[in-house]
Amino acid sequence: MHLNVLHPGLLTTIQDRGRIGMQQYGVIVSGAMDHFAHAAANLLVGNDKDQPTIEMTLIGATLSFDAPVLLSICGADMSPEIDGIPVPMWRPVWVRAGSVLRLGRAKQGCRSYIALSGGVALPLVMNSYATYLRAGIGGYEGRALQQGDRIGLREVTSLGAAIVQQLQKGAAGSAYYTEKWFVSLEAMPNYRRNPVLRVVEGPEYPCFMEKSRAQLCTTPYRIDPHSDRMGYTLTGEALHLAASLEMLSDSVTFGTIQVPPSGQPVILMADRQTTGGYPRIAQVITADLPVLAQTPIGDRLTFQLVSIEEAQQLLLNEHRDLEYLSLSIRMKYT
Amino acid sequence: MVIIIPYCSMHPLGDSAIIVKFGEVISLDIHTQVTRAAELLRQHPVAGFLECVPAYASLTVYYDSVQLWKAEEKRLKNNQCLTEASAPARRDSPYQIMTEALQKLLGSADSEAAIPMQTVHIPVCYGGQYGEDLEEVAAKNGLTTEEVVAIHSSAEYTVYMLGFAPGFPYLGGMSRSIAMPRKSSPRPLIPAGSVGIAGEQTGIYPLATPGGWQLIGRTPIALFLPEQSPPALLRAGQIVKFYSISSDEYDQWEVTSCT
């Protein structure tokens with residue numbers, strides 16, 4: 001049972017939540033840029049939250065399946081079609097053998113996630129399926145998918161099989177079977193254009209000029225074209241230190257906003273290096289990273305300072321939303 | 001029991017990590033505290049602990065807020081059953097729970113125990129095709145190439161941290177007498193295993209990457225081993241010593257490592 005890559009899209013890679021436990025060896029975390037869409041896609045097909053998914057960027061891929069598959073598509077709207085028929089997102093979809101899934105240019109958002117029930121047949125590398133592009137390891141042969149690639153599929157999970165059983169009761173002869181319900185908007189992150197992103201103070205926040213600290217949260221910053229999985233470079237009011245700072249290399253993480261000498265901030269993303277040498281003015285909260293990952297180049301970001309307590313409460317709320325989705329699916333299909 | 005809190009400050013790095021800072025400069029004393037703290041955590045991983053990353057003067061601890069929150073909920077529920085408290089119990093945030101747990105761990109008597117120092121000996125074929133910039137480094141410092149090799153390989157280097165690339169060590173302890181600024185035009189590709197000098201730092205490239213380091217030699221051993229556990233030859237807190245091998249020995253090494 002395989003999927004075949006008929007057209008690879010712009011940047012299509014296998015990701016999971018990332019490599020945990022390896023940063024002390026200089027090994028980056030990688031992983032899905034939008035962890036919410038990745039997790040939801042998995043739950044919708046009866047997988048655990050962190051099975052590997054296929055992450056597509058800006059222009060999606062075209063895949064064919066030589067066996068029936070239970071899949072879901074979450075994240076950016078790339079006008080997905082199965083055998084030329086539009087297929088809805090954020091719900092389980094059962095497709096027959098020989099089907100062709102095509103994703104086009106993103107109309108909204110940047111990254112789509114395809115989950116397949118049972119995951120994909122790929123080896124774990126350092127305990128993760130995430131693709132480490134720069135080191136050429138992990139995911140599918142350590143690289144973006146190319147035309148002609150074939151990836152082995154696994155058996156649907158037992159919950160997946162229960163979902164399929166229900167779906168098959170729908171109209172026969174259509175390109176695919178799906179549900180009318182889908183993940184509610186309230187449960188999703190607040191994906192939108194030109195978003196406000198909540199941040200907490202970074203370790204070097206006190207080292208910045210009062211004026212710059214104020215500017216960070218009042219003036220918007222535009223996402224520069226040179227933005228990718230490693231980091232989003234921003235342009236806007238330059239941020240300045242109050243006095244020169246000899247900063248030692250220190251840890252950075254997903255969402256760290258660092259300020260190089262130019263004063264133009266950079267938000268570090270999934271493929272960031274483990275450490276950096278620039279002052280860290282603030283940190284985008286984990287719950288808002290999915291929104292950031294779906295914000296296109298050219299959009300303006302506005303930052304809002306919140307407390308750690310609030311940031312953690314929001315992370316907890318997200319966890320609860322996903323738990324609730326998982327429970328709902330279990331209850332509906334078993 | 002007396003709790004001795006070593007000099008350290010804690011600061012959140014977002015909602016899922018804490019930086020435990022032991023000082024402001026690069027110093028062996030400060031770094032020993034980093035290594036000790038990392039070792040303590042390795043032996044006694046606190047609830048919610050995911051991983052820790054040593055740096056020059058700090059240790060960053062990554063943790064799972066949700067897991068901690070769930071444990072806290074359980075604790076509060078148990079307390080309510082036991083004490084019949086009518087007022088709502090104070091709920092600590094995962095950040096508070098984690099900082100308290102770390103302070104307790106770092107202040108415990110074990111934190112005074114000596115950490116065994118491990119020395120790793122790394123063979124290097126200096127000069128020639130493997131160290132194209134060795135002559136330049138020697139000339140710049142008014143030394144012969146033999147003297148540069150002797151100085152480079154006689155020092156004991158501390159691995160302060162790994163970063164920048166998988167398995168890449170930030171080494172401290174290089175003699176200033178062989179220092180040399182980075183190349184003004186970086187090479188598009190530096191072979192994996194290359195040993196170089198950049199300013200007053202020396203290091204080894206675990207992967208082929210572009211770079212501006214002055215190359216003085218190459219090691220045949222792998223620093224990054226993704227199939228192994230741990231996946232890196234080196235770790236923070238170790239001592240590194242380089243020793244010179246001939247190009248014949250280098251070729252032999254490559255052969256034996258493939259069998």
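Reader: Leaving aside its neighbours within four places in sequence, which residues is Phe303(A) in contact with?

Author: Happy to walk you through it, and please keep in mind that this is a predicted model. Setting aside the residues within four places of it in sequence, Phe303(A) touches Leu197(A), Val199(A), Leu216(A), Cys217(A) and Tyr221(A), and also Leu234(A), Ile257(A), Ile267(A) and Val284(A).

The loop between α1 (35–44) and β3 (53–57) of chain A holds Asn47(A). Is this asparagine buried or exposed? Asn47(A) counts as buried because its relative accessibility is 5%, and the cut-off for buried is under 20%. A polar atom of the Asn47(A) side chain lies 2.8 Å from the backbone nitrogen of Gly118(A). Beyond the residues within four places in sequence, Asn47(A) is in contact with Asn42(A), Leu116(A), Ser117(A), Gly118(A), Gly119(A) and Thr157(A).

Finally, let us turn to the partner chain. Here 42 residues of chain A are in contact with 46 residues of chain B. Between the two chains, about 3400 Å² is buried, and carbon and sulfur atoms give 61% of that area. On the chain A side, Gln24(A), Tyr25(A) and Gln312(A) lose the most area to chain B, together 21% of what that side buries. As for polar links across this interface, the rule finds zero salt bridges, but it does find 15 residue pairs in polar contact.

Which elements of chain A give two or more residues to the side that touches chain B? They are the strands β14 (196–201), β17 (250–251) and β21 (280–284), together with the helix α5 (308–333). The largest share, nine residues, comes from α5(A). Sorted by class, the side of chain A that touches chain B has 18 nonpolar, 16 polar and eight charged residues.

Note on methods
Residues numbered from 1 in each chain as written. Chains lettered and ligands numbered in written order. Predicted model: local features only at pLDDT ≥ 70, side-chain atom pairs only at ≥ 80, totals over all residues. Heavy atoms only, no water. Contact = heavy atoms within 4.5 Å. Buried area = accessible area lost by both parts, 1.4 Å probe. Salt bridge = Lys/Arg side-chain N within 4 Å of Asp/Glu carboxyl O. Polar contact = N/O pair within 3.5 Å; in protein donor to acceptor, adjacent residues only side chain to side chain. Helix = DSSP H or I, 4+ residues; strand = E, 2+ residues; numbered from the N terminus. Nonpolar A, V, L, I, M, F, W, Y, C, P; charged D, E, K, R; others polar. Buried < 20%, exposed > 50% of the residue type's maximum accessible area, 1.4 Å probe, protein only.
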